Amino acid sequence: MMRNIPYHIRQKYIHHGINVLMSIILFFTLFPIGWMIYNSVMSNQDISLGRIKIGRAPHHTILTEKINDQIMLVGTSDGAINFYDLSQKKVIKRKNFKTFATAMETKGNTVYVSAGDKGLYKYDINSGRTKHTMVPWPNYHVEDKWFVNKIAGTIMALDEKEEKLWLTVGYNNYGTIFEIDT
Amino acid sequence: RGSIIAEAKKYKIAYAFIAPATIGMMLLHLSPLVQGIYMSFLKLNQFTLFAYLKAPFVGLGNYQKILFDPTSPMRIGLLDAARNTFFYTIIVTLGGMALGMIVAMMLNRQFKGRAIVRTLFIFPWIVPQFVVGLLWGFMWQQNNGIINVILYDWLKINHILQFFGIAVDAAKPFWLSGDPKTLFAIILPTIWRGWPFTMLMLLAGLQGISQDYYEAADIDGANGWQKFWLITFPLLKPVWAILMLFGLIFNVYSFNIVYMMFGSGAGYPGKWGDLMMVNIFRNAFQRYDFGTGAAVSVMLMTIMISIVMLWYRSYKNVESDRSS
C-alpha cells in the first residue's frame, strides 16, 4: 500500500512519524531532570510524603475558631485566613494577606489581622470585604530605615464592649499602644 | 634485538627527552597497581591496618578464601554480584548502544530546531552519577515514588494488565527490595545517564559517512533496513568497537549510581542489586577486610585485562577490514 503513495509524500509521513517518536524519547529523557528541578522547589516534607503538587510552606497556626458546624477558621502566621471544611477535611477557601509578625483576633464575622510590615486589616468573612489601615508604628516615619528583622511581633487586644482595638508592635520594645475604633 | 638497541642508540636524545615523562607515568600507574596486588597477599584488616604493608603475609590465602571457602564473608554474595555485574554490563552497554544508534539516526536529518533537540538529548549525560543515583532512588520509592504514582495511581497499569489477562499485584511494587526487579531498577538509570554519550559518538560517525553510498543504494532499490545493515552498520564498526570497550569497562566498574540509590551505601542492595564494585567497597571499607577486597579487585582486573585483549584482537580485524 505504501508503494502506491508518491515518494515525496511517503518521505513526509516517515519524517513526521520519526519526529513523533523522537519527541516521545525526548520526553522520557528529560522527564527525570524535569522532576528533579520540580522537586528542588518543593519542601522536604512534601517530597518525603510523595506530594505531586507544590504545597504552601508550613506556617504556625495562630487562630482557630469554629464559625459554624461545617467551617472552622484557621489563621496562620503568614496572614492567611483559611476556611477549613470539617467534613471534607480540607481547606475550601483562603484569603492570604502575606504579612509578617502577624496577630489575629475575631469579633463576630470580622477577622482583624495585624502585621508588623503592613499595619491592620479588617476582613469580613461573609462578604469578603477588606479594609486596610496603615498604623503609624513608632519611629516608622522618623528613622531612615525600618528594619523588618527587628520586629518581634504585633500584639492585639479587642474590647468588645467599648468597641475598641488595642494594638502594639515590638520594635526594640513594645513602647506605643494604639487605640483603634473597631 | 640488535635492531632495538641500534634504534635506541640512534634516537638516544629523543629517548632521553621522553624518559622523565615515561618514568613519571609508569610510577603513577604502576605503583598503585603493584601495591594493590601486594595488598591482596596480606591479611590486612582493622587489627593489622596500623602495620599497613607490613601486615602478615598470607600468600594466596585471600584468593583461596574467595574461591573455595563457602563460609568466607567475602564470598557470600560475591557470585550474586558477579552475575548481576555480567547482566548489568551486557544490557547497559548494548541497550545504550541501541538507543544511541536509534536517536543518532533520528538526529542525523534536517529538521527545524535540530540544534536545540541535539542539546536537550545530551542533558542526562551532564547530570553527575551520584545525583542520578539519588534522583532515581527517590523515583523508585514504593508508595511515594513518581514512577509508581504514574504507573499505578494515574495510569492504573494493574487494571490495564489485568484486562489483557496478565495477573498483577494490586499493591505498588517495591523496586529496590533486592529481587530481580532491582536489577532492572539499576539498569534503567545507568542506560538513561550513559546513552547520550553513545549517541554523540555514533552521530559523529554517521556524519562522516558519505551520502553517495545511500544515493547509490537508492538507485539500486535498497530499503531502509538494507541501507542500515549494509552501509551504516559496517562503516560504523570502529565506533561500535570503541563504544563496546568503553561500555564494558565503565559498566563493570560501575559504582556511584547503585551506591547512592541504596542510601549512600548504608545498606546491602540485595541479591539482585549488588554489583562487583559495590560488593568490594562494602567488604573492604565497611567490613575492613582490605586484603580480601584487594584480592577480588585483582581478580576482576585480570578478567578485564583478558576481555580487553580479546577486544583488541577483534578491533585489529576491524581495522584491517577497514584498510583493505
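**Rings, a sheet and a helix crossing**

The charged end of Lys93(A) is placed over the ring of Phe83(A), 4.8 Å from the ring's centre. This is a predicted model.

Q: Which residue lies over the face of Trp272(B)?
A: Arg83(B), at 3.6 Å from the ring centre.

Q: How many aromatic pairs are there over all chains?
A: A search of the whole structure gives 32. One of them joins Phe27(A) and Phe31(A), 6.0 Å centre to centre, with 45 degrees between the planes.

Q: Stacked, edge-to-face or tilted?
A: That pair is tilted. The cut-offs are under 30 degrees for stacked and over 60 for edge-to-face, so 45 degrees falls in the remaining class.

Q: How many residues apart are Phe27(A) and Phe31(A) in helix 1 of chain A?
A: They are 4 residues apart in that helix, which spans residues 7-40, so about one helical turn separates them.

Q: What does helix 1 of chain A pack against in chain B?
A: Helix 6 of chain B, residues 129-139, with the axes 11 Å apart and an angle of about 85 degrees. The two helices are therefore roughly perpendicular. Phe31(A) is among the contact residues of helix 1 of chain A, along with Pro32(A), Trp35(A) and Met36(A). From helix 6 of chain B come Val131(B), Leu135(B), Trp136(B) and Met139(B).

Q: Switching to the sheet in chain A. What is the strand order?
A: The order is 1-2-3-4, in an open sheet with antiparallel pairing. Strand 1 (61-66) and strand 4 (90-96) are at the edges; each has a single partner strand, so one side of each has no neighbour in the sheet. From one strand to the next, the twist averages 20 degrees.

Q: How many bridges between strand 1 and strand 2 of chain A?
A: They pair over 5 bridges, and strand 2 covers residues 71-76. Glu65(A) stands opposite Leu73(A) of strand 2.

Q: What about Lys89(A), what is its phi?
A: Lys89(A) is not a glycine, yet its phi is positive, about 55 degrees. Lys89(A) sits in the loop between strand 3 (80-85) and strand 4 of chain A, and is exposed, at 63% relative accessible area.

Q: And where is Tyr288(B) found?
A: In the loop between helix 14 (276-286) and helix 15 (290-323) of chain B. Tyr288(B) also has a positive phi of about 55 degrees and is partly exposed, at 40%. Ring pairs link Tyr288(B) into a cluster with Phe255(B), Tyr259(B), Phe281(B), Phe285(B) and Phe290(B).

Note on methods:
Residues are numbered from 1 along each chain as its sequence is written. Chains are lettered from A and ligands numbered from 1 in the order in which they are written. This is a predicted model: local features need pLDDT of at least 70, side-chain atom pairs count only at pLDDT 80 or more; totals for chains, interfaces and linings use all residues. Side-chain values use heavy atoms; hydrogens and water are left out. Rings of Phe, Tyr and Trp (its six-membered ring) pair if their centres lie within 6.5 Å; planes under 30 degrees apart count as stacked, over 60 as edge-to-face and the rest as tilted. A charge sits over a ring if NZ of Lys or CZ of Arg is within 6 Å of the ring centre and within 35 degrees of the ring normal. Two strands pair if DSSP finds at least two bridges between them. Axes are lines fitted to C-alpha atoms, for helices over the stretch in contact, and angles run from 0 to 180 degrees between N-to-C directions. Angles under 35 degrees count as roughly parallel, over 145 as roughly antiparallel, 65 to 115 as roughly perpendicular and the rest as oblique. Contact means heavy atoms within 4.5 Å. Buried means under 20% relative accessible area, exposed over 50%, partly exposed in between (1.4 Å probe, protein chains only).
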